[in-house]
Amino acid sequence: MKINGPFLFILATLLIDAIGIGIVFPIMPDLMERVGAHSTAEGALLGGILLSAYAAAMFLFGPIIGSLSDAYGRRPVLIAALLTLTLDYVIMAMAETYWLLLVGRVIAGMAGATYITATAYIADIAKPEERGASFGMIGAAFGIGFVLGPALGGLASSIHITAPFWIAAALSGLNVALGIFVLPESLKPENRRPFGKRDLNPFGTIKRAFLIPGLAIPLICIFVFEFANMVYPTLWAFWGREVFGWDAFTIGLTLSAYGILIAVVQAGVLPQMTRHFGDFKTLVIAIIAAVIGMIGFGLTGAVWAVIVFLPFAAFSDMAPPLMTAFAANCAEDDQQGLVQGVIASLTSISAVAAPLLLTGVFERFVNTDGIYLPGAPFLLTAVLVVVIVPLILRLRKHRPL
C-alpha cells in the first residue's frame with residue numbers, strides 16, 4: 001500500500017509503544033533502588049509487581065479502547081492515548097516513591113493498549129490484498145521498538161536514572177503533534193457501532209473460545225509457553241545484576257542483542273524452516289530450543305555461556321506464531337477475530353501472573369538462607385515447557401494447510 005502520513009503515524013505509534021515497554025527493563029534495578037528497594041531480591045519482587053500491574057491494565061482496558069474506537073473513531077482514541085502516555089512518562093520521571101511509580105505503570109498500561117486500535121486503523125485504510133504486507137510492517141515496527149527500548153534505556157541512564165522517561169515523553173509528545181496534523185479519521189460514521197457492555201468482558205470471550213472444538217489445546221499451549229517465556233523480560237536485568245554484576249548499559253546491550261536475534265529468526269529463519277520442515281516439526285525444534293536455553297541460563301555462571309544460549313532463546317520465539325497458526329486452523333473464518341482476541345488476552349494474563357511468581361522464586365533463591373540459585377526461575381520455566389510437550393505432540397493432527 002501507499003506509504004503516506006497516516007500510515008507512518010501508525011508505525012510511529014506502535015514503535016513508541018514498544019520503546020516505552022522496553023525502555024524500563026535495563027534501568028529497573030537502579031529504579032527500584034531509587035524508590036526504596038534495599039536488595040536485588042526486593043527490587044526484583046517490586047519490579048515484578050510493576051510489570052504485572054502494567055499487563056493487567058493492558059488486559060482490562062484493551063477491549064474498552066477497542067470499543068471506544070469503534071464507537072467514536074480511531075483518531076481521537078489514538079491521540080488521547082498518546083497524550084496520556086506523554087503525561088505518564090513525565091509522572092514516572094518525577095516519581096520518588098514506589099506507589100507513584102506503580103500508578104504510572106497502570107496509567108501506561110491503560111494508554112498503551114493502542115495496538116488493537118492501530119491495527120484497526122490499518123485495516124480501515126488498506127485494501128484486503130494489502131493487509132498482510134501492512135501488518136508485517138506493524139510487526140517490524142514493534143520489533144524495532146523492542147530493540148531500541150532497552151538500548152535507549154541503558155544509554156540514557158548513564159546521564160540520569162530518569163533520563164529514559166524524559167526521552168520517551170519527548171518522543172510521545174512529538175507523535176501527538178504529528179498525529180494532530182497528519183492523521184485523518186479512518187472509520188466512516190456509518191460503520192461505527194454502539195459502545196456495548198459485551199465488549200468489556202474479556203473473560204466471557206475467553207470462555208466462548210474454549211468451547212470451539214479443538215481450540216482448547218493450542219490455547220493452553222500458548223498460555224503456558226507465554227507464561228514461561230516471560231522469564232526473560234521479567235528477570236533478565238535482575239539476574240544479570242546478581243550473577244554478573246552488570247550495569248544498566250550492559251543489561252540494555254544484551255537485551256538489544258536478544259531483540260536483534262529474535263528479529264532475524266522471525267523474519268529470516270522461521271519462513272525457511274517451515275518451508276523445509278513444516279509447521280509442526282519447526283514448532284518441536286522451537287520447544288527443544290526453549291528448554292535448552294532456559295536450563296542453560298538457569299545453571300550458568302559464565303558470560304560466555306550467555307552468548308551460547310542466547311540464540312536458543314531467540315529460536316524458541318518461533319513457538320508463539322506457530323502455535324497461533326495451529327489455533328487459527330481450528331476456527332472458522334468468522335471466528336478468527338475471536339481467536340486472535342483471546343490469544344491476546346491469554347498473553348496479557350500470563351504477563352500479569354508470571355512476574356509475580358518468577359520474581360518470588362528469584363527472591364527466595366538469592367537470599368542468604370537456604371540454597372543459592374539465582375537461575376531457579378529459568379529452571380522452573382523449563383519444567384513448565386516440558387509439561388506441555390504432550391499437548392504439543394497432539395497438535396500434529398491440527399497442522400495448518
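Predicted model: local features only at pLDDT ≥ 70, side-chain atom pairs only at ≥ 80, totals over all residues.
**Exercise 1.** Work out what span helix 10 should have, and check it against the end C-alpha atoms.

Solution. Helix 10 covers residues 216–229, which is 14 residues. The expected span is 1.5 Å times one less than the number of residues. For helix 10 this gives 20 Å. The end C-alpha atoms are 20 Å apart, so the two values agree.

**Exercise 2.** Classify the ring pair of W236 and W246.

Solution. The structure holds 17 aromatic pairs. In this one, the ring centres of W236 and W246 are 6.0 Å apart and the planes stand at 40 degrees. Planes under 30 degrees apart count as stacked and over 60 as edge-to-face, so this pair is tilted. W236 lies in helix 11, and W246 in the loop between helix 11 and helix 12, 10 residues apart. W236 is buried at 3% relative accessible area, and W246 is buried at 9%.

**Exercise 3.** Classify the ring pair of W236 and F297.

Solution. The centres are 5.2 Å apart and the planes are at 85 degrees, so the pair is edge-to-face. It links W236 in helix 11 to F297 in helix 12, 61 residues apart. F297 is buried, with a relative accessible area of 0%. W236, W246 and F297 belong to one aromatic cluster, which also includes Y232 and W239.

How values were computed:
Residues numbered from 1 in each chain as written. Heavy atoms only, no water. Helix = DSSP H or I, 4+ residues; strand = E, 2+ residues; numbered from the N terminus. Phe/Tyr/Trp six-rings, centres within 6.5 Å; stacked < 30°, edge-to-face > 60°. Buried < 20%, exposed > 50% of the residue type's maximum accessible area, 1.4 Å probe, protein only.
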